[in-house]
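Welcome, and thanks for taking a look at this one with me. Please open the structure below and keep it beside these notes as you read.

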Amino acid sequence: MSDGVQVHRGEAPLILAFPHTGLDLVDVEAGFVSPWLARRDADWWIDQLYAFAADLGATMVRTTVSRSVIDVNRDPSGASLYPGMATTELCPTTTFDGEPLYAGAAPDAAEIARRRTRWFDPYHAALSAEIARLRAAHDTVVVYDAHSIRSHVPRLFDGELPQFNIGTNNGATCGPALAHAVEARCAASGLGHVLDGRFRGGWTTRHYGRPETGVHAIQMELAIRGYMDEPDMPAPGIWPPAYDSARAAPLAATLSDIVKACLAFAHA
């Protein structure tokens, strides 16, 4: 591991990316209102939920750095991925609910550039290298960007989020057969799903998804309730709950079917 990047290499034509499971506040912790608030919006335990994928030969790329320090799934130029909609920045200044993250001044342009060089660039260098390695060995490679979020975040979306939120940027980042295969596994679970709804895929999916070159990218945003108990509102002492593999097992079984469908698409 270097610069907060962890890589588990497999030989199958599938990469799972984990941009938001990191909790490390590195050298900027003192600037936040509180460490708990700065970590609150992590994609809790997603890397553990998908741990089974290692046995399927998947490669996994993960940053250990918190998204509150720098969000490696945002456009590095600072351009919004969802113009006109509430979202968080490359270096977020608020939580998902709009609460200020910084006790004093937010990072300026020079600080944002430093964080990009220190943590954003190494993550994407590692991800790019793994894509190139596997693409050299396979005609088709799938990049599966793994996420989760609380089921209710009124500032970001209305009502309750479906269990499975599949993002392909309206079909631009992967072949239709891959999107249909993933959607079919979600539908078979009997749980709610949507294709290219509120979450159409972040920068990772949009940047790397180039079906014409053999690289197909898809994002999966899970509602957290599928694998852990959610309070009405997170608070210190109750958030996050510890990871419970038995509680998560039913959802993990469906995710295993989804990941296997991605592999089948890549091998076809």
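Predicted model: local features only at pLDDT ≥ 70, side-chain atom pairs only at ≥ 80, totals over all residues.

1. Begin with Trp44 and Trp45. Their ring centres are 5.2 Å apart and the planes meet at 55°, so this pair counts as tilted. Both Trp44 and Trp45 are buried.

2. Next, find Phe120 and Trp203. Here the centres lie 5.7 Å apart with the planes at 50°, so this pair is tilted. The pair joins distant parts of the chain, 83 residues apart: Phe120 belongs to helix α3 (residues 109-135), and Trp203 to helix α5 (residues 203-208).

3. Are these two partners buried or exposed? Phe120 has a relative accessible area of 2% and is buried. Trp203, at 14%, is buried because the value falls under the 20% cut-off.

4. Which residues do ring pairs link into a cluster? Look for Phe18, Tyr50, Phe52 and Tyr144.

5. The charged end of Arg198 sits over the ring of Phe199, at 5.1 Å from the ring centre.

6. Finally, go back to helix α3, where you will find Ala110. Ala110 has 56% relative accessibility, which is over 50%, so this residue counts as exposed. Its C-alpha atom is 39 Å from that of Ala179, a residue 69 positions away along the chain.

Methods: Residues numbered from 1 in each chain as written. Heavy atoms only, no water. Phe/Tyr/Trp six-rings, centres within 6.5 Å; stacked < 30°, edge-to-face > 60°. Buried < 20%, exposed > 50% of the residue type's maximum accessible area, 1.4 Å probe, protein only. Helix = DSSP H or I, 4+ residues; strand = E, 2+ residues; numbered from the N terminus. Lys NZ or Arg CZ within 6 Å of the ring centre and 35° of its normal.
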